[in-house]
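Dear colleague,

Please find below the structure that I am handing over to you. My notes on what was found in it follow directly after.

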Amino acid sequence: RGLPWDEGVQITPLPDADKPAYLTELVQDAITKGAKIMNSRGAQTQQSLFHPALVAYLTPDMRLFHEEQFGPLVAVAKFSSIDHVIQIAKNSWSGQQVAIFTESDAPGASTLIDAFSTIVGRANINLQCSRGPDVLPFSGRRSSAMGTMSVTSAVRAFSVEVVVATHPKDTSLSSELLSSSKLLTSLSSVASLKN
């Protein structure tokens with residue numbers, strides 16, 4: 001436990017002080033309806049620290065089954081068939097990621113990828129769902145997220161573009177502007193304006 005920049009830290013506090021109470025509500029709702037916490041210390045809190053929890057035996061009447069909680073909770077439900085899983089996903093309002101685990105069934109995984117391609121924005125094969133816009137673009141569908149965004153596209157989306165044009169003969173002035181400005185970036189693919 002500790003802060004993210006401390007060496008060896010594996011569990012960090014949540015950035016929102018109200019988040020542990022919300023996560024606890026979800027877990028308590030699930031437990032009162034038959035779910036079980038499968039790991040020791042799971043869902044224990046200490047101020048804004050929420051110990052990761054594996055919550056099993058979820059059913060559709062539990063809030064944790066439906067609510068996108070963005071916390072250190074892994075919710076596990078049992079389904080009767082692959083078609084049941086796909087139907088539950090189709091009926092959901094969220095659609096960020098799915099994790100598909102298989103040892104060697106590429107055709108089966110391909111069937112699931114095809115089915116989930118219009119439901120979620122990212123399919124993980126033998127990987128857990130994770131945050132990763134600094135490595136892979138963020139992608140989502142439905143009400144939980146729309147579109148695809150990476151760090152680069154986020155910077156572009158939230159930036160205000162300004163074109164600064166200089167006379168073609170002012171090459172030294174252009175170079176000085178670029179080197180002294182904190183915000184200007186040269187667009188090497190843009191040719192100088194001509195009269």
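Is Phe79 buried, partly exposed or exposed? Phe79 is partly exposed, because its relative accessible area is 30%. Here buried means under 20% relative accessible area, exposed means over 50%, and partly exposed lies in between, with a 1.4 Å probe and protein chains only.

Before the details, two remarks on the basis of these notes. This is a predicted model, in which local features need pLDDT of at least 70 and side-chain atom pairs count only at pLDDT 80 or more, while totals for chains, interfaces and linings use all residues. Residues are numbered from 1 along each chain as its sequence is written, and side-chain values use heavy atoms, with hydrogens and water left out.

The chain as a whole

The chain has 195 residues, of which 22% are buried. Its secondary structure consists of 6 helices and 9 strands; these are DSSP runs numbered from the N terminus, with at least four residues (H or I) for a helix and at least two (E) for a strand. Of the contacts in the chain with a separation of 6 or more, 48% are between residues 24 or more positions apart, where a contact means heavy atoms within 4.5 Å. The accessible surface of the chain is about 13,800 Å², and carbon and sulfur atoms account for 56% of this area. Such areas come from the Shrake-Rupley method with a 1.4 Å probe, and for residues only the protein chains shown count as cover.

An open sheet is formed by 3 strands in the order 1-4-5, with mixed pairing. Strand 1 and strand 5 are at the edges with a single partner strand each, so one side of each has no neighbour in the sheet. Two strands pair if DSSP finds at least two bridges between them. Strand 1 (residues 36–37) runs antiparallel to strand 4 and is joined to it by 2 bridges; Ile37 has Val55 in strand 4 as its bridge partner. Strand 4 and strand 5, by contrast, are parallel and share 4 bridges. Among the facing residues, Leu54 is opposite Val74 in strand 5, and Leu58 is opposite Ala77 in strand 5. As background, strands of a sheet pair through backbone hydrogen bonds, either parallel or antiparallel.

The nonpolar patch

On the surface, Met38, Leu54, Tyr57, Val74 and Val76 form a nonpolar patch with about 430 Å² of accessible area together. A patch is made of residues with over 30% relative accessible area and no salt bridge; like charges are joined within 9 Å, and nonpolar side chains (Val, Leu, Ile, Met, Phe, Trp, Tyr) within 5 Å. Strand 4 (53–58) and strand 5 (73–77) each contribute at least two residues to this patch. Leu54 lies in strand 4 and is partly exposed, because its relative accessible area is 32%.

The aromatic pair

The structure holds 1 aromatic pair. Phe65 and Phe79 form this tilted pair, with 6.4 Å from centre to centre and 50° between the planes. The pair links distant parts of the chain, 14 residues apart: Phe65 is in helix 2 (residues 63–66), and Phe79 is in the loop between strand 5 and helix 3 (82–91). Rings of Phe, Tyr and Trp (its six-membered ring) pair if their centres lie within 6.5 Å; planes under 30 degrees apart count as stacked, over 60 as edge-to-face and the rest as tilted. Phe65 is buried, with a relative accessible area of 19%.

The salt bridges

There are 3 salt bridges in the structure, each being a side-chain nitrogen of Lys or Arg within 4 Å of a carboxyl oxygen of Asp or Glu. Arg63 and Glu25 form a salt bridge at 3.4 Å, N to O. Glu25 lies in helix 1 (residues 19–32) and Arg63 in helix 2, so this pair ties together parts that are 38 residues apart in sequence. Arg63 also meets Glu67 in a salt bridge, at 2.7 Å, N to O. Glu25 is partly exposed at 44% relative accessible area, and Glu67 is partly exposed at 28%. Another salt bridge joins Asp29 and Lys33, with the closest N and O atoms 2.8 Å apart. Asp29 counts as buried at 14% relative accessibility, whereas Lys33 is partly exposed at 38%.

With kind regards
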